[in-house]
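User: Please take a close look at one part of this structure. Then carry on through the rest in one connected account.

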Amino acid sequence: MLMASSKVSYYVLLCFGIVAVSVSTFFAIGDDTVQPIRLVINASEASARQIPDTLFGIFFEEINHAGAGGIWAELVSNRGFEAGGPNTPSNIYPWSIIGDESSISVSTDRSSCFDRNKVALRMEVLCDSRDNNVCPTGEVGIYNPGFWGMNIEEGKAYKVTLFVRSLGEIDVSVSLTDSRGLKKLATASIISSDVSNWSKMEVLLTATETNHNSRLQLTTSKKGVIWFDQVSAMPVETYKGHGFRNDLVQMMADLKPRFIRFPGGCFVEGEWLRNAFRWKETIGPWEQRPGHFGDVWMYWTDDGLGYFEFLQLAEDLGAAPVWVFNNGISHQDQVDTSNISPFVQEALDSIEFARGDPNSTWGSVRAAMGHPQPFDLKYVALGNEDCGKKNYRGNYVKIYNALKRAYPDIKIISNCDGSSVKLDHPADYYDFHIYTSANQMFSMAHKFDKTSRTGPKAFVSEYAVTGSDAGTGSLLAAIAEAGFLIGLEKNSDIVEMASYAPLFVNTNDRRWNPDAIVFNSSHLYGTPSYWMQQFFAASSGATLLDTTLGANSSSLIASSIIWKNADDNNYYLRIKIVNFGSNNVNLKISVNNLNGYSIRKSGSSQTVLTSANLMDENSLNNPKKVLPLKALLNTAAENMDVVIVSHSITSFDLLIESNTIRMPGSHHQFSTSAI
């Protein structure tokens, strides 16, 4: 895993509505003394080609608490008391005790009813409501603050599920409270006369007010011993009802990703194989999953967000799943190719789980989880950044051959870079990662210009500007990355997939910097690199036109596409221009060979991403400091004189109108009409 001004106010269209802002910095007046640069777009069908449907997607890695405490909506951290390890007594962090040593004693033992996660919490209540040792006001028990505070919202419902056992009667209060436990936001009681065997209990809590830093409490004033295990609290409202945090996943959906690569990244490998992501341990009922310690990014995951959930997320987003699995190699140890057979079988089983008939061995497990229809898994990656390791090629070839025999249509991605040197092993795609400075990233727009057009396609699965140029998500980084992506568009005959990395960071556990989406338990924002990607959301599957910049344009890069807007069913010519330089540029745009269709003067728009300072960033306190600004463009035409401000990303969406014409590079007729 990387101006001149005109003091005029316009109404500009943002992604979230219409707001009045000053656009003096963004839509600048040009300098008539500067010789304009020509941008010529050839709209002829002969020079056009279709961009792959999969070009731009997203990469999700469990890093920075992106999943646990992030997109997975589970509010309880260490819900099964397993994070402290299998030996007892153990650390129960972040669980804490309510009460003192005279009223309560808490420990762990291995008495759970779940074979794969045997640790349970034993709570002995020493006080009572009647005896000499009366429990304190408010009862005694345990509480969990979640992942740096639970976000509880007024009127919202939360489902609490737990497993409990006791030799006597129980009367347990289940409450959502403020961070100090002084004010209850919602509460319910679990009363039972017989829980001598482990019993599953569920309560539904509806919050009476909002608190972004809440906790879950289990309390009682009844003397006795109670065992708890697998305590979960989930909001009832999740993304498409599948357990994902609504606001975070909506940010993913807004990028219109054509694929999602998961679950890593280094998370797949592990620092040691014993801590690698093992998909079979992450499927089935959530309470039976053992969880594991991710020793690369150094935190525990209960694996509620498992292999099944990733496949479900891909389906919910309408994105092709790209499943990255371990090939017997971690950062510190690796399996010899002579012993790789069990890992080969793991890979085969994982595909059967996703794609197999519901009556097959692993397809039946998927069906039992509520998804009898196969998932549309077509892409798999064998390892992550393992190409230089001793056993990679041997392990890769063994797994590759087995997968192709069983699933000839599956597309297999190699970790080895084939952009400069031909691969010495078979592959459908090769992986390319780039984390670098802004200048280098902008120059990388031409990386694939001379790459061989035969052999496997390129998958740029991780790219980002990093280091001092990036800050924690700067405008400078976004501009350089946009230039790189225009280069990928232009080379999309060989580059078929690309994704930014990392996607998410929880502000309480920043393990990598920068990231596209920043969040805590209740708030979030997109960095400029996130908003940059929205300029490319329509590119996948669009028609790429031949676009040529004139002389003296080394700080510029441009591309143009024809795309269909599903919202209004119209076709648009989108011209994207990145100005990486420090000067405004006068640009003369010419669109040639329209061949029977024309650009409508109204209904077009211009969108600009820039800011007053190159290192400007968004933040939780100022989440909209650097946003794309969209304005109506009433001067749209085949020939336009425009100004591209310094350090900016600009797109023009020009509405095309015609009667029954064939689009360049397409195989169907379409009709538009003036409105």
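Analyst: Trp 148 is partly exposed, with a relative accessible area of 38%. Here, buried means under 20% relative accessible area, exposed means over 50%, and partly exposed lies in between (1.4 Å probe, protein chains only). Trp 148 sits in the loop between strand S9 (140-144) and strand S10 (150-152). Helices (H or I, at least four residues) and strands (E, at least two) are DSSP runs, numbered from the N terminus. The phi of Trp 148 is near 60°, a positive value in a residue other than glycine.

The model is predicted: local features need pLDDT of at least 70, side-chain atom pairs count only at pLDDT 80 or more, and totals for chains, interfaces and linings use all residues. Residues are numbered from 1 along each chain as its sequence is written, and side-chain values use heavy atoms, with hydrogens and water left out.

Asp 303 is another residue with a positive phi, near 60°. Its place is the loop between strand S19 (299-301) and H3. Asp 303 counts as buried, because its relative accessible area is 5%. Within helix H1 (residues 246-254), Leu 248, Val 249, Met 251, Met 252 and Ala 253 are buried.

Next, the cis peptide bonds. One joins Phe 262 and Pro 263, with omega about -10°. Pro 263 is in the loop between strand S17 (259-262) and helix H2 (266-269). Another joins Asn 513 and Pro 514, with omega about 0°. Pro 514 lies in the loop between strand S26 (504-506) and strand S27 (517-519).

Asp 515 forms a salt bridge with Arg 510, the closest N and O atoms being 3.5 Å apart. A salt bridge is a side-chain nitrogen of Lys or Arg within 4 Å of a carboxyl oxygen of Asp or Glu. Asp 515 is buried, at 0% relative accessibility, while Arg 510 is partly exposed at 32%. The structure holds 27 salt bridges. Among them is the pair Lys 159 and Glu 202 (3.6 Å, N to O). Lys 159 lies in strand S11 and Glu 202 in strand S14 (residues 199-206), so this pair ties together parts 43 residues apart in sequence. Lys 159 is partly exposed, with a relative accessible area of 37%. Glu 202 is also partly exposed, at 44% relative accessibility. Arg 49, Arg 453 and Asp 493 are linked in a network of salt bridges.

Strand S11 (residues 157-166) also holds Arg 165. Arg 165 is buried yet has no salt bridge; the nearest side chain of opposite charge, Asp 109, is 5.5 Å away. For charge, Lys and Arg count as positive and Asp and Glu as negative; His and the chain ends are not counted. Setting aside neighbours within four places in sequence, the contacts of Arg 165 include Ser 111, Trp 198 and Trp 227. Contact means heavy atoms within 4.5 Å.

Now the nonpolar packing. A nonpolar core is a set of buried Ala, Val, Leu, Ile, Met, Phe, Trp, Tyr and Cys residues joined through side-chain atoms within 4.5 Å. The largest such core has 121 residues; Ile 71, Met 252, Tyr 307, Leu 317, Val 380, Leu 403 and Phe 504 touch the most other members. Helix H8 (residues 475-490) gives the largest share of this core, 11 residues. A second, separate core has 39 residues, including Val 106, Cys 135, Val 203 and Leu 218.

Beyond four places in sequence, Val 380 contacts Leu 403 and Ile 351, among others. Ile 351 is one of the buried residues of H4. Helix H4 (residues 341-355) has 15 residues and reaches 21 Å from its first C-alpha to its last, close to the 21 Å expected at 1.5 Å a residue. The expected span is 1.5 Å times one less than the number of residues. The buried residues of H4 pack against helix H3 (307-317), strand S20 (320-325), helix H5 (361-368), strand S21 (379-382) and helix H6 (392-406).

Last, Phe 580. This residue is found in the loop between strand S31 (570-579) and strand S32 (585-592). Phe 580 counts as buried, at 14% relative accessibility. Not counting residues up to four places away in sequence, Phe 580 touches Phe 442, Leu 476, Ile 479 and His 647, among others.
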